[in-house]
Amino acid sequence: CSVSLFEGADELRLVNGSSPCAGRVEIKHQDQWGTVCDFDWDMEDAEVVCKQMGCGSAVSAHGWAYFGEGSGPTWLIAVDCDGDESALWDCSHRGWGKITCPHYYDTGVICSGINSLGRIEVRLVGGDTACSGRVEVKHGKMWETVCDSHLDFNTASVICNELVCGQAVDTLGAAHFGEGHDLIWKEEFQCVGNESLLQKCPRMSRPNDTCSHANDVGVLCSGKNSY
């Protein structure tokens, strides 16, 4: 399919499900959220969605607004994925917003889970104490730094709590604790703030972001809890 001029701004999310890895499929294109029509929607299409969201493998593919009707434009119709594409819009489709499809045909997916590669580990590196430093996460074999636009104060609160480091005091961007090396995390954490572990926070895939290590984020926690 043709490459959209707005490709870098496209985002994917799952809405109205019982977990971050289930829900109605929605795409943000041209700064507007819309849906995907269930014409020809199948497990290979759902597999690409689940992989793109970091949600493991597809368990089921749903049509007929299984997770409720969305709103906005129908961005994609007749999506036909092979299953190995990196983003849903890389699959064959009829073109962005080319055909109007009623929202009672909105698609949904259920994925196996957010931790398909095992637990997300987190550490703070380069600070004066064990409770301050550059945020690094590991979901598999490699430690990765996090872009300062992908982590907010709510997420910092979850990290400080998980590391038994008291309360979050501040998030510090622009590689305040020095630049990391190697990989950069490709997802935005969307924690509420009361999650017990970072891995339980919803995440939004940002595969096209151009973060560099100059954007590495750090967190400052109040200190080790006394208990």
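At 9% relative accessibility, arginine 134 counts as buried, where buried means under 20% relative accessible area, exposed over 50% and partly exposed in between (1.4 Å probe, protein chains only). The model is a predicted one, in which local features need pLDDT of at least 70 and side-chain atom pairs count only at pLDDT 80 or more, while totals for chains, interfaces and linings use all residues. Residues are numbered from 1 along each chain as its sequence is written, and side-chain values use heavy atoms, with hydrogens and water left out.

**Salt bridges**

Side chains of opposite charge can pair when their charged atoms come close. A salt bridge is taken here as a side-chain nitrogen of Lys or Arg within 4 Å of a carboxyl oxygen of Asp or Glu. The count by this rule is five salt bridges.

Arginine 134 forms one of them with glutamate 136, the closest N and O atoms being 3.0 Å apart. Glutamate 136 also meets the side chain of arginine 123 in a salt bridge, at 2.7 Å from N to O. Since arginine 123 lies in strand β7 (residues 121–126) and glutamate 136 in strand β8 (residues 132–138), the pair ties together parts that are 13 residues apart in sequence. Helices (H or I, at least four residues) and strands (E, at least two) are DSSP runs, numbered from the N terminus. Glutamate 136 is buried, with a relative accessible area of 6%, whereas arginine 123 is partly exposed at 33%.

Another salt bridge joins the side chains of arginine 13 and glutamate 26, at 2.8 Å from N to O. This pair links strand β1, which holds arginine 13, to strand β2, which holds glutamate 26, across 13 residues. Arginine 13 is partly exposed, with a relative accessible area of 27%; glutamate 26 is buried at 4%. Arg13 and Glu26 also belong to a network of salt bridges that includes Arg24.

**Disulfides**

A disulfide is a pair of cysteine sulfur atoms within 2.5 Å, and by this rule there are seven disulfides. The table lists some of them.

| Pair | S to S distance | S-S torsion |
|---|---|---|
| Cysteine 21 and cysteine 55 | 2.1 Å | -75 degrees |
| Cysteine 50 and cysteine 111 | 2.0 Å | about -85 degrees |
| Cysteine 160 and cysteine 221 | 2.0 Å | about -85 degrees |

The link of cysteine 21 and cysteine 55 is left-handed. Cysteine 21 sits in the loop between β1 (11–16) and β2 (22–29), and cysteine 55 in the loop between α1 (43–52) and β4 (58–62), 34 residues apart. Cysteine 21 is buried at 2% relative accessible area, and cysteine 55 is buried at 1%.

The disulfide of cysteine 50 and cysteine 111 is left-handed. It ties together parts that are 61 residues apart in sequence, because cysteine 50 lies in helix α1 and cysteine 111 in strand β6. Both cysteine 50 and cysteine 111 are buried.

The disulfide of cysteine 160 and cysteine 221 is also left-handed. Cysteine 160 is in helix α2 (residues 153–162) and cysteine 221 in strand β13 (residues 218–221), 61 residues apart. Cysteine 160 is buried, with a relative accessible area of 0%, and cysteine 221 is buried at 7%.

**Surface charge**

Asp40, Glu44, Asp80, Asp82 and Asp84 gather in a patch of negative charge on the surface. Such patches are made of residues with over 30% relative accessible area and no salt bridge, like charges being joined within 9 Å and nonpolar side chains (Val, Leu, Ile, Met, Phe, Trp, Tyr) within 5 Å. Aspartate 84 lies in the loop between β5 (74–76) and β6 (108–111), and is exposed, with a relative accessible area of 61%.

Note on methods
Areas by Shrake-Rupley, 256 points an atom, 1.4 Å probe, with all protein chains shown as cover. Lys, Arg positive; Asp, Glu negative; His and termini not counted. Charge placed at Lys NZ, Arg CZ, Asp CG, Glu CD.
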